[in-house]
Amino acid sequence: MSDVSRTPDAGRPYLVFSDVDETLITVKSMFDFLHYQLVSRHGVAGVEEYERIMAVVRRRADDGTPRADINRFYYGHYADESVETIGRLAEDWFSERTASGRGFYIEQTREALTAHRAGGATVVLVSGSFPPLLEPLAREVGADAVLCTRPLVADGRYTGEVETPVIGAGKRAAVLGKLESRPDVDPRDCWAYGDHVSDLPMLELVGHPVAVGEDEELRERLAERVKGVKA
C-alpha cells in the first residue's frame, strides 16, 4: 500500500494523518454506532428506526446533498442525549467491535501507522465521526491527536448541532491548521491516508498521500497529481 521506509532523514519531525472510516477500520463508525445504540436500547424497534434514518441519508446522498449537511443531519439525532450515556455506549460498542475475530481493523493501515510511530512520526486521526467513537480508537492505535467533528454540548447534553463538520473542505482546514501549528514540520515530509475522493483535499496537503481501497477516482486523481509534480 505504501513504503513507509521513505521517511524523512533522522531527526526531521513529520506528521501522519489518517482518515478513519474504511481507511483504518472496516466500518463507517457513525452509522455502525447508531445501529448499535438504537438496537441496544429498543430492540426490533431500534432496527426499524435505523432503517428509517438510513433511507433518508441514502435519499439525500442520491439527491446530491453535500456530505457536510448529511453529517449535520446525523448529529441532529443526538439532540438532548446525555454525553455521559453516549460515552458509555460508545465504550461498549468499541469493546464489542474489537473483540477477537471481528475484522474491525484494516490491517495494512494499522501496520503502516505502527511503523510510522516507530519511526518517530506524530500520528493524527482525521474524521467526520465524533470523540466518543474516536478516542478509544486513538488509544488503541497510539494516535497523538484527533481532528474530528465535535457536536455542541450544553449542560452535559448534546444540542444536536455541530460547529464545523470535519468532512471534505472541513477536513482540509483541520489538517492545514495542524500543519500551521507545527512550523518545525515540512508538509512535503508528511503522509496522509484516505479511502474516498472526499479525502483528496486533505491528501493534497502532504508530500506522501496514500489511497486505501479501490476508489478509482481517488487513485486517478492522485496519479494525475504525481504526473503533475514530475512534469
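Which helix gives the most to the lining of the largest pocket? Hold that thought.

First, the ground rules. This is a predicted model, where local features need pLDDT of at least 70, side-chain atom pairs count only at pLDDT 80 or more, and totals for chains, interfaces and linings use all residues. Residues are numbered from 1 along each chain as its sequence is written, and side-chain values use heavy atoms, with hydrogens and water left out.

Now helices H1 (residues 29-42) and H2 (residues 44-62). Helices here are DSSP runs of H or I, at least four residues, numbered from the N terminus. The axes of H1 and H2 come within 6 Å and cross at roughly 150°. Axes are lines fitted to C-alpha atoms over the stretch in contact, and angles run from 0 to 180 degrees between N-to-C directions. That makes H1 roughly antiparallel to H2 (over 145 degrees). Contact means heavy atoms within 4.5 Å. Among the contact residues are Phe31 and Leu34 of H1, and Tyr50 and Ile53 of H2.

Next, H4 (residues 83-97). Its axis and that of H1 come within 10 Å and cross at roughly 105°. That makes H1 roughly perpendicular to H4 (65 to 115 degrees).

Back to the pocket. A pocket is an open set of points on a 1 Å grid over the protein atoms alone, where a 1.4 Å probe fits, with protein on both sides within 12 Å along at least five of seven lines. Lining residues have an atom within 4 Å of a point. The largest pocket has 24 of them, and Asp21, Lys28, Phe31, Arg67 and Ile167 lie nearest its centre. The answer is H2, with 4 residues.

Key. Helices (H or I, at least four residues) and strands (E, at least two) are DSSP runs, numbered from the N terminus. Angles under 35 degrees count as roughly parallel, over 145 as roughly antiparallel, 65 to 115 as roughly perpendicular and the rest as oblique.
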